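Visitor: Please pick one part of this model and take me through it closely. Then show me how it sits among its surroundings.

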Amino acid sequence: VNAPDDDARLTSYALGELSAEEAEAVERRLEGDPAARAVVEAVRAVAAAVAEASAEEGTPRLDAARRDEIRRAAAAAVASRAAPGVPSRASPPGPAKIAGGSMPKYQACPKCAAQFDVSAFAPGQKFTCGACGTVVTAGAGAPAVGGRVPGSVRVPAGGAASGVRGATSSVGQGPQYRPLERHQSREAAPPAAGTPRRERRERRARETDVDAPKKSNAPILVGAAALLLVAGGAAFFLLGKKDDANDAPKVVGGGGGTTPGTPGMGQAPTPEASSGDTLQAVEDDFKQKPEHTSKELASFLRRYKALGSEKAMARAREVADEIVKYADPKDSTQQAVISEAHLTLGHVEFKKEIPEVISYYNEPFIRAVQEANAQRWFGDKEQYELAMRAWRKTEAHAKRLEEDRVYALLTQEKARIARDDDFKNYNYATHFASPYLIFYSSEKEMSEFDLMKKPKVERVKELAELEDERRKWSMILAEKGKIYTQLYQHFLKTYGEECELKDLMAPYGGRPDYPASKRSFQDGVPLIIWIFSNREAFDYHHKKQLKDKDQSTGLENVAGYFSPRTGWVYLYDEANRQFEVDKNVHEGTHQLEYWFQRQKREWATEFRVPQSFFGEGFAEYIGSVEMDPDRNLKFIGWNRSRLRNWQGILKEAETSKKKPPVYPLEEFVKFEGYHEAQAYAASKLGVDPGYGLGVFYIQSWALVYFLNQYPEGKGKYRVQFNRYLNDILNYDEDVERYGWESFRKQFGLKTEADWKALDSEFKKFYLEDLKKVNVGGLAEKPPERDVWPGFVDPEEADPSNPEAPAAAGAPKEGDKPSGSDR
Amino acid sequence: MRGHAPEDHAEWICRVLERFEAPLLLYAGRILGDAHRAQDVVQEVFLSLCREDRSQVEPRLAPWLYTVARNRALNERRRDRREAVGVEPQAAVASSDPAPQVEMRDAAVHVLRALDALPEEQQEAVRLKFQHGLRYRDIADVMRVTPGNVAVLVHRGVGALRARLGVAPRAHAPAPEGGTA
């Protein structure tokens, strides 16, 4: 018997992990062993302490968006399982159940030829093909023919669903759809070395008929990547070789002429080189057979080359050309021959391994490297140089992923969004401007699947147009990057110290000091901005893309918004440039409030700032900027549209000899919802609630301006305001009217007289000073969107070339834009 | 889906989500040292669950969920380590060296720190047992070890915790080895 402290059985007993028999034995021991009993008690005490302490780690929740995504997936899974033709992933293989009658057991989809077990269907019953979506009528089509069926899927009881014939199944991985013909093609054994060329030719001809990518098992992405590459100006990767494969195979006879193949013309001499070889002897040997195996061709190639004469070398090149065209590059036994042939032809080999650090391949230069690898040999120097340029970019990208944490994070985030169903099909460009990742898109969608189905010419043209559109966005994106990074720097500089804000892109989002269970955002917090090129695109996204997701209501009149649900800003570009620039800064301010509040509150996901004067007033104040031609911002705080409106109201009040509508300060600060402001406006100010809300916005901006700048930019109350902002970022929901309480505390408003004093000071500013401001002379208009002297397109900046010109708007450390791309 | 109406499946997923969302987030967060990344992992776990056959998963639901979460979190961590050169090493997340400026707030913090100080495997087994309520055999499935290994890991973990927390058997008067943490 072990000493109690060393006996794992006592621990297991204490935790109820022993069988009845084992437990009985331990209990017998416990009766006479107090030390063992004490150990059991101690184990249970530790267990209780750990369980209790664990409760302190909280009950974290998934973000609302993720929960919704899961619910949608659950509903979709139900739908797909209920629909015929989509096999359940975990359905085990089993014998097909054959319903009676004359129904065939299998039926092919008339469109894509995927085969289904329809034995459980009533004749005439309709189902949807899980492969192509075609509605198929059971019993109406031709029965499926041919093909080996490695496994079939059992029809669930009730015949509600049917499996795709030809699918395979294994433990943990259910049947997966594979069109039969492609399946067969893949399973065909590769020809052995020396297979007669006729057979290889026929195999190639068969493969040519298959409509899917033939030379690779890579997913559709690679195919689409190839198409994108074409659009990007590197069409050579796709064009030459595959088109050649579609040509009728040529048969080379002796002397370089072309003769019909005549198999079985007697024994060919062994085509080995000998020291006394002559060109005539080699030619004679060559003519002995109309066709040669690759091994034979390799031997002839060597013999011709060994002769060394100009004529022999010309023949060597012809043979090499033949080898390149007809040898099977997938056949490992032919690799040496093929390489020799390419070298004879003066081709250059391209064989680069994509660095392991790269996990997101959907970058144009990486796709180019993949395609170049697939092509492997290059006869065109210019094509090779393009491939090498793509490789240099890939290397530089990999190096940066390894060395630049922020770049790696933004790349990772970009990869995540590239998989997001709501966004992935848009034609969009991306810009890195740490901590921001900015997307710009039109409403055009670019489904790779749809594009793949189009004729090549049309496809290339469309891709080129989309690429062209993205290139035009390069300057717009650089401008946005500069706007947002300046906002971020301004926010940190102005409020960072007082509010103890940390750089969101620092490790753990600036809070490595949080306990391990609360630490988050190990590589930093990326701030996502999605900008649509116009209102139509914005509406398209919300009304069509998100129509079923309850995210499109109430957006009819908004010019953009920040969503606490996702933490993103959603905007569109405007004809009015000043408004456009201001609203970017405005929504960006909301976003910073949100993320800094989370940073200060152990990354809690609830956004607690209510709709008080602060919420909009602060964003209106920060979002009042002046932009110079080089896109430098000056945060002037003067909101021209609000000021203009207010001056109009004051003038009207003067004319009509009425009091302008002004909320008393204490009431104003108490509002925690627009409805409260509207109700007050209707009941106490005697104005329409809608009008009252407009006045609320104006007064909100004016009060924040006043608290930051009054008098005349000196900022008498700036310190108090910064403390108030800090309180808001630490919002305490449990305190009733927290915003008001905090305001009262930070501005020292202990008595009614204190409130009145501040109110009267503000009113002087609001009713008198603002009236005198010359709105027109407040700031220069922002430059036109497409006018930016000195702008350098980031696309032109080769990341591998340190001498490449710096892109305009490119922040310094970790912020260098990767260029506009997809 | 055999034996369950389609509607049940979605409801079931929602119930499982409610029940396991928080513990899986804590579990994945612990492995990754990053609560935000844990969200990605746990979302993927539930998306995978949506694709599974309920009748096959349900009898072993908890070990299935924890196993998938663990595999994905470890994959993520491996990838992070590969990519994040120059970033604070992951091991620091579960470091036993608490920041000096953080005051010991209460007993719970004391226990959690002692837990954090355990070797990774012991800590995982102990947490899965006490925090997540899994049986030894389920923990064995999740951690890909034998139930006997789990018994030893938990036993050693508990022993270390007893020493750190000063939970000594009453019959043994001497102070625990290493004293209180």
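Guide: Two strands pair if DSSP finds at least two bridges between them. Strands (E, at least two residues) and helices (H or I, at least four) are DSSP runs, numbered from the N terminus. This is a predicted model: local features need pLDDT of at least 70, side-chain atom pairs count only at pLDDT 80 or more, and totals for chains, interfaces and linings use all residues. Residues are numbered from 1 along each chain as its sequence is written, chains are lettered from A and ligands numbered from 1 in the order in which they are written, and side-chain values use heavy atoms, with hydrogens and water left out.

The part I pick is a sheet in chain A. Five strands make up this open sheet, in the order 10-11-12-14-13, with mixed pairing. Its edges are strand 10 (426-433) and strand 13 (560-563) of chain A. Each has a single partner strand, so one side of each is left without a neighbour in the sheet. From one strand to the next, the twist averages 15°. Axes here are lines fitted to C-alpha atoms, for helices over the stretch in contact; angles run from 0 to 180 degrees between N-to-C directions.

Strand 13 and strand 14 of chain A pair in the antiparallel sense, over four bridges. Y561(A) stands opposite Y570(A) in strand 14. The two strands form a hairpin with four residues between them. In that turn, G567(A) has a positive phi of about 80°.

Now the side chains of strand 13. G560(A) and F562(A) point one way, Y561(A) and S563(A) the other way, and all are buried. Buried means under 20% relative accessible area, exposed over 50%, and partly exposed in between (1.4 Å probe, protein chains only).

Next comes strand 14's other pairing. Strand 12 (residues 527-532) and strand 14 (residues 568-572) of chain A run parallel, over four bridges. Here I531(A) stands opposite L571(A) of strand 14.

Helix 17 (residues 456-472) of chain A lies across strand 10 and strand 11 (436-445) of chain A. It runs at about 30° to strand 10.

The expected span of a helix is 1.5 Å times one less than its number of residues. The 17 residues of helix 22 should therefore span 24 Å, and its end C-alpha atoms are 24 Å apart, which agrees. Its buried residues are R640(A), R642(A), L643(A), W646(A), Q647(A), I649(A), L650(A) and A653(A). They pack against several elements of chain A, including helix 20 (577-600), helix 21 (613-622) and helix 28 (752-772). Contact means heavy atoms within 4.5 Å. Just after helix 22, K657(A) takes a positive phi of about 55°.

Charged pairs come next. A salt bridge is a side-chain nitrogen of Lys or Arg within 4 Å of a carboxyl oxygen of Asp or Glu. The whole structure holds 56 of them over all chains. One network links E479(A), K480(A), D573(A), R577(A), E580(A), R631(A) and R785(A).

D630(A) and K482(A) form a salt bridge at 3.6 Å, N to O. This pair links distant parts of the chain, 148 residues apart. D630(A) is in the loop between strand 15 (625-627) and strand 16 (633-635) of chain A, and K482(A) is in helix 18 (residues 474-499) of chain A. D630(A) is partly exposed at 35% relative accessibility, whereas K482(A) is buried at 14%.

E349(A) bridges to R376(A), with the closest N and O atoms 2.6 Å apart. E349(A) lies in strand 8 (residues 348-349) of chain A and R376(A) in the loop between helix 13 (364-375) and strand 9 (377-378), so the pair ties together parts 27 residues apart in sequence. E349(A) is partly exposed at 32%, and R376(A) is partly exposed at 22%.

A local pair makes a contrast. R72(A) and E69(A) meet at 2.7 Å, N to O, in a salt bridge. Both lie in helix 4 (residues 64-82) of chain A, three residues apart, about one turn of the helix. An α-helix has 3.6 residues a turn, so residues three or four places apart point the same way.

Last, the cysteines. C50(B) is buried at 2% relative accessibility, and C499(A) is buried at 0%.
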